[in-house]
Every structure is written in structure tokens, then in C-alpha cells.
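Try each task before you read its solution.

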Amino acid sequence: MRSFVRRGAAPLIAGLVLALAACSQGSATKSEEPTGGKTTVRYMNFSANGGHEKDLAAIKAAFESANPDITVQLETVPYDDYFTKLQTAVAGGTAGDAFELNYENFVTYTANGSLAELKNVDPAPYKQSLLDAFRADGKQYGLPESFSNVVLFYNKDLFKAAGVAPPTADWTWADEQAAAKKLTNKGKGVWGDYQPISFFEFYKTLAQAGGEFFAADKKTSTFNSDAGRKAAQFLVDKAGKTMPTEAQGAGTPDFDSKLFKDGKLAMWHTGIWLFAANADAKFDWDIVVEPGDAKKASAMFTNGAVVSAASKNQEAAQKWVTFLTSSDEMVKTRLDTSWELPPVADNSKVTPYLSAGKPANRQAVFDSLDATVLPPVIERQQEMQDAVTKELTAAAAGRKTVAAALADAQKAVDALLS
């Protein structure tokens with residue numbers, strides 16, 4: 001699930017650069033005439049790179065079999081090069097008919113008018129929150145292709161040994177905090193909880209507290225609010241009490257992963273992409289939907305397929321992206337090859353995943369999609385993320401109060417918006 005951007009910035013459009021050479025599969029950024037009376041749909045993507053090229057080709061073959069009048073031309077580009085090459089192609093008028101975007105870049109490309117509105121989309125195959133992620137101004141500009149999200153991992157053995165009831169989907173922050181205190185045993189190096197003190201956790205807990213990151217016009221930030229201070233305090237109060245501090249290693253690469261794998265962490269807010277890494281853990285563990293406060297709100301990461309506004313083959317391109325994101329062939333291919341999760345609403349189609357072993361409660365992955373929050377996005381994305389994380393880290397280390405940290409973070413973010 002490596003093509004999702006997690007705990008870091010998604011690359012956004014930022015100035016023109018030289019186009020890169022086309023990949024050997026053929027170029028979706030070069031115009032080619034249809035042959036044999038067929039319509040050619042050129043599709044550029046990043047998520048098949050590094051091992052799933054043949055899987056995308058299998059979906060393409062199934063589509064072409066069902067649509068003999070359309071040929072799909074694939075171009076797969078490494079993620080690190082993808083958005084630079086795509087930007088150059090769009091600016092130069094050579095972009096493919098359809099291409100792949102992560103959510104952050106979808107927001108940017110929609111805003112600059114690069115995407116075609118998709119007409120008469122059947123919503124039935126898709127999980128609603130995923131479909132909604134690719135809407136803007138009441139119109140559908142993309143279709144969800146795959147997703148990942150964050151859940152609450154927990155060590156069942158530590159809960160049992162401490163005599164604490166395991167978490168449920170109904171848990172609130174208060175339930176989590178109470179359990180974390182009982183499960184923390186500093187003398188034995190056991191911590192009750194771990195949740196990174198960062199931009200990514202803050203925008204999510206802000207939503208859980210009932211707050212909003214931006215005003216409706218997105219010209220000012222609104223997170224320095226009662227809800228924002230409550231969310232920040234919830235994160236900051238864990239440091240040194242129920243989770244390690246920065247001085248004790250928190251925030252360093254793989255620190256939390258090792259702590260959990262060593263059986264020294266009772267609860268862990270992290271992504272489902274770490275299931276495989278913990279499959280051989282020496283203790284029993286499971287997952288639940290993350291606790292909420294005023295409401296539930298789970299972090300969701302999603303890639304989507306879109307159609308270029310400049311395409312002369314929009315109808316055929318929409319047929320392709322619809323098949324790519326909703327067909328049974330797509331679902332089977334993704335599940336058979338562990339190529340990210342399909343965005344389907346029908347759980348019966350993902351039975352192999354639900355019964356694939358640890359964690360037992362994989363249904364929580366899909367239940368988390370019932371109440372989600374997407375990251376706030378601006379042009380200067382990385383700077384915004386760094387500014388918020390810097391201030392929260394200062395509060396966690398005791399260098400600032402939460403109120404001062406949020407006030408300073410809001411000043412920094414608003415300056416990036418101007």
C-alpha cells in the first residue's frame with residue numbers, strides 16, 4: 001500500500017519543470033491516433049509501479065474484452081516522478097485522457113479546471129465516503145480507486161493481564177484515556193497509548209471534537225477554537241503520562257512500531273498498512289474503529305481516477321475509469337495481489353480480506369469509512385503541515401501552552417493562505 005502518502009505531505013502542483021521520458025509501456029502523455037476504428041484511452045498512473053504493472057494490465061485486458069471498441073494505453077510512472085511529469089503534460093496539453101490522483105492533488109487539479117465532470121455516475125458500487133471525496137461543488141470529478149485508513153490497534157494480552165475491558169467501537173476519548181492510565185506501567189516499560197503528536201493526528205482529532213480546520217471560504221483557518229484546544233490537549237496530555245515523550249524516542253522512525261511489536265504498547269493509533277508487519281507478533285492483538293469525542297472521524301487516504309477536461313474521448317475514458325474502480329475483475333485482482341483495498345460498498349465482495357487472519361476484526365477497516373475526515377489541503381501543503389506539527393511538538397515538550405501553540409500555528413497557516 002506504498003503509493004498512499006502517510007504521515008507526510010502529498011506532492012502538489014508547484015511550477016513547471018521539464019517532462020520526463022515516457023515509460024516503456026507506452027506514453028499516456030503523447031497523442032496517438034486510434035487504430036482499427038477503435039477509440040484509444042490513454043491512462044497515466046503511479047500506484048501500479050513497483051510490482052503491480054501486470055495486475056493493472058489484467059484489469060485493462062478484462063475491460064477491453066468487455067469493450068472491444070476501446071483500447072486502453074497504459075503508462076505507469078514511479079511515484080517520485082509522477083506529479084512532476086503529470087503537471088508538465090497537463091500544462092503542455094499532452095496529458096492522457098485519464099489519470100490517477102491522490103486526494104490532495106485531486107483538490108488542486110479540480111480547482112484549476114483540469115478535470116472533466118463525470119456524468120451519470122452510478123453511486124451503488126462505491127462506499128459513500130470514498131465517492132464523496134472526489135466531489136466538488138456538488139459535481140463528481142473523480143472515482144475512488146483504492147483506500148487506506150487509520151484504526152486503533154490494541155494488545156489483547158496486555159488488556160487481559162491488567163484486567164481492563166478491551167476497546168469497542170463505542171469507545172470515546174474518555175474511555176481510551178481511562179484504559180491507557182491503567183495499562184501504563186513505566187517500571188516495566190509498558191505504555192498505555194501511542195498517538196503521534198502531528199498535523200495528521202490533529203486535523204483528525206479536531207474533527208472528532210466537532211471542529212473545522214478552515215472557514216467555509218478556506219481563506220482563513222479556524223482550528224484555534226474550543227474544539228481545537230480540546231483536540232490538541234487530548235494529544236499533548238498523553239506525552240510522558242500514557243505514552244513516551246520526544247526525549248524518550250517518540251516521533252523517531254519506527255519507534256512506535258517496535259514498541260508495539262515488542263509487546264510494550266497497549267494501544268496504537270496507526271494505519272492498516274501495518275497489518276502484515278505485525279502478523280507474526282508474539283502476542284494476541286486486534287483492532288477497532290478509533291474512539292471519538294463529539295463524533296467519530298477516521299482518517300482516510302484515497303487514490304482516485306479522473307478524466308482530463310482536455311480529453312477528446314471523455315465518454316470512453318469515463319467507461320474505463322468506472323471499470324477500473326468498480327468492476328468485479330478489479331476487486332478480485334486487488335484482493336488476490338494485496339494491491340491496496342477496493343472502494344466497494346458490498347462487503348460480500350471483500351470476504352477474502354475479512355477472513356485473511358490477524359487482525360480478526362478486519363470489519364473495522366470498512367466500518368471506519370462510515371465517518372471519515374479528509375486532510376485540509378492548500379497549495380503550500382508541506383509548510384502548513386510542518387507549522388502545525390512544530391507548534392504541537394512544542395506544547396508536548398512543555399515549551400508552550402496548548403493555547404499559545406495553537407495561536408501561533410494559526411498565524412503561520414493564515415500567512416500561508418494569503
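**Exercise 1. Find the ring that lies under the charged end of R362, and then the one under R334.**

Solution. Start with R362: its charged end sits over the ring of Y353, 4.7 Å from the ring centre. Then go to R334, whose charged end is over the ring of W339 at 4.2 Å from the centre. A charge sits over a ring if NZ of Lys or CZ of Arg is within 6 Å of the ring centre and within 35 degrees of the ring normal.

Before you go on, note that this is a predicted model, in which local features need pLDDT of at least 70 and side-chain atom pairs count only at pLDDT 80 or more, while totals for chains, interfaces and linings use all residues. Residues are numbered from 1 along each chain as its sequence is written, and side-chain values use heavy atoms, with hydrogens and water left out.

**Exercise 2. Describe how the rings of F153 and W285 are arranged, and where the two residues lie.**

Solution. First, the setting: the structure holds 32 aromatic pairs. Rings of Phe, Tyr and Trp (its six-membered ring) pair if their centres lie within 6.5 Å; planes under 30 degrees apart count as stacked, over 60 as edge-to-face and the rest as tilted. The centres of F153 and W285 are 5.3 Å apart and the planes are at 5°, so this pair is stacked. Next, locate the residues: F153 is in strand β6 (residues 143–155) and W285 in strand β8 (residues 285–288), so the pair ties together parts that are 132 residues apart in sequence. Helices (H or I, at least four residues) and strands (E, at least two) are DSSP runs, numbered from the N terminus. Finally, check accessibility, where buried means under 20% relative accessible area, exposed over 50% and partly exposed in between (1.4 Å probe, protein chains only). F153 is buried at 0%, and W285 is buried at 1%.

For contrast, take F199 and F200: their ring centres are 5.3 Å apart with planes at 85°, so the pair is edge-to-face. Both F199 and F200 are buried.

**Exercise 3. Work out how helices α14 and α15 run relative to each other.**

Solution. Begin with the axes, which are lines fitted to C-alpha atoms, for helices over the stretch in contact, with angles from 0 to 180 degrees between N-to-C directions. The axes of α14 (residues 381–396) and α15 (residues 402–417) come within 9 Å and cross at roughly 170°. Angles under 35 degrees count as roughly parallel, over 145 as roughly antiparallel, 65 to 115 as roughly perpendicular and the rest as oblique. The two helices are therefore roughly antiparallel. Now look at the contact (heavy atoms within 4.5 Å): residues making it include M384 and L392 of α14, and L406 and V413 of α15.

**Exercise 4. Is N120 buried or exposed, and what is its phi?**

Solution. N120 is in the loop between α3 (103–111) and α4 (128–133). N120 is exposed, with a relative accessible area of 80%. Its phi is near 50°, a positive value in a residue other than glycine. Most residues other than glycine have a negative phi, and most peptide bonds are trans. Another case is S338, with phi near 55°; S338 is exposed at 58%. For the peptide bond, look from K358 to P359: it is cis, with omega near -5°.
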